[in-house]
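User: I am new to this structure and would like a close look at one part of it. Please keep the answer brisk.

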Amino acid sequence: MARSDEAQWWFNAVYEAVQEIPPGSVTSYGHIALLLGRPECPRQVGICLKHLPSYSDDGDHFFHDQNVPWQRVINAKGMISPRGPGGASRQAAALRQEGVTVGTTALGEFTVDFSTFGWFPARLPSEEDT
């Protein structure tokens, strides 16, 4: 199903904002929503990342999992949100490759310390000069 212009704008805005998160840092779905002027939409940020296309050689998608660092967005509690089988483990591994320390709770949930690895600017770096 094709997206409306408004929905496509939102998906692109989320992907562009996530591209600005520096390597070795994480932020929350809610903070991305706040930076985009929609603090009430953290779940919609998650939906965008859930639907981020995989990279393909045919160039079908401008934004994809190789140029949008989806792994750098976690929930407001500093935890990797559970998803399909192996998804949280894959995200934890990707963050560890960037030097982020990912802990594990007694329940097997993955956590990241926002005080060490958090990225919470007041504005997106790309908006600093505008």
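How far is the sulfur of Cys-48 from the closest cysteine sulfur?

Analyst: The model is predicted, so local features need pLDDT of at least 70, side-chain atom pairs count only at pLDDT 80 or more, and totals for chains, interfaces and linings use all residues. Residues are numbered from 1 along each chain as its sequence is written, and side-chain values use heavy atoms, with hydrogens and water left out.

The sulfur of Cys-48 is 9.4 Å from the closest cysteine sulfur, which belongs to Cys-41. That is too far for a bond. A disulfide is a pair of cysteine sulfur atoms within 2.5 Å. The whole structure has 0 disulfides. Cys-41 is in none.

Next, accessibility. Buried means under 20% relative accessible area, exposed means over 50%, and partly exposed lies in between (1.4 Å probe, protein chains only). Cys-48 is buried, at 0%. Cys-41 is also buried, at 7%.

Both cysteines line the second largest pocket. A pocket is found on a 1 Å grid over the protein atoms alone: it is an open set of points where a 1.4 Å probe fits, with protein on both sides within 12 Å along at least five of seven lines. Lining residues have an atom within 4 Å of a point. This pocket holds about 190 Å³ of space. The volume is the space filled by probe spheres set on the points, which are joined across faces, edges and corners.

Helix H1 (5–19) and H3 each give two or more residues to this lining. Helices are DSSP runs (H or I, at least four residues), numbered from the N terminus. H1 gives the largest share, 5 residues. Trp-9, Trp-10 and Phe-11 are among the lining residues. By class, the lining has 7 nonpolar, 1 polar and 2 charged residues. Ala, Val, Leu, Ile, Met, Phe, Trp, Tyr, Cys and Pro count as nonpolar; Asp, Glu, Lys and Arg count as charged; the others, Gly among them, count as polar.

Arg-38 is another lining residue. Arg-38 forms a salt bridge with Glu-40, with the closest N and O atoms 2.8 Å apart. A salt bridge is a side-chain nitrogen of Lys or Arg within 4 Å of a carboxyl oxygen of Asp or Glu. Arg-38 is partly exposed at 33% relative accessibility, whereas Glu-40 is exposed at 51%. The count of salt bridges comes to 2.
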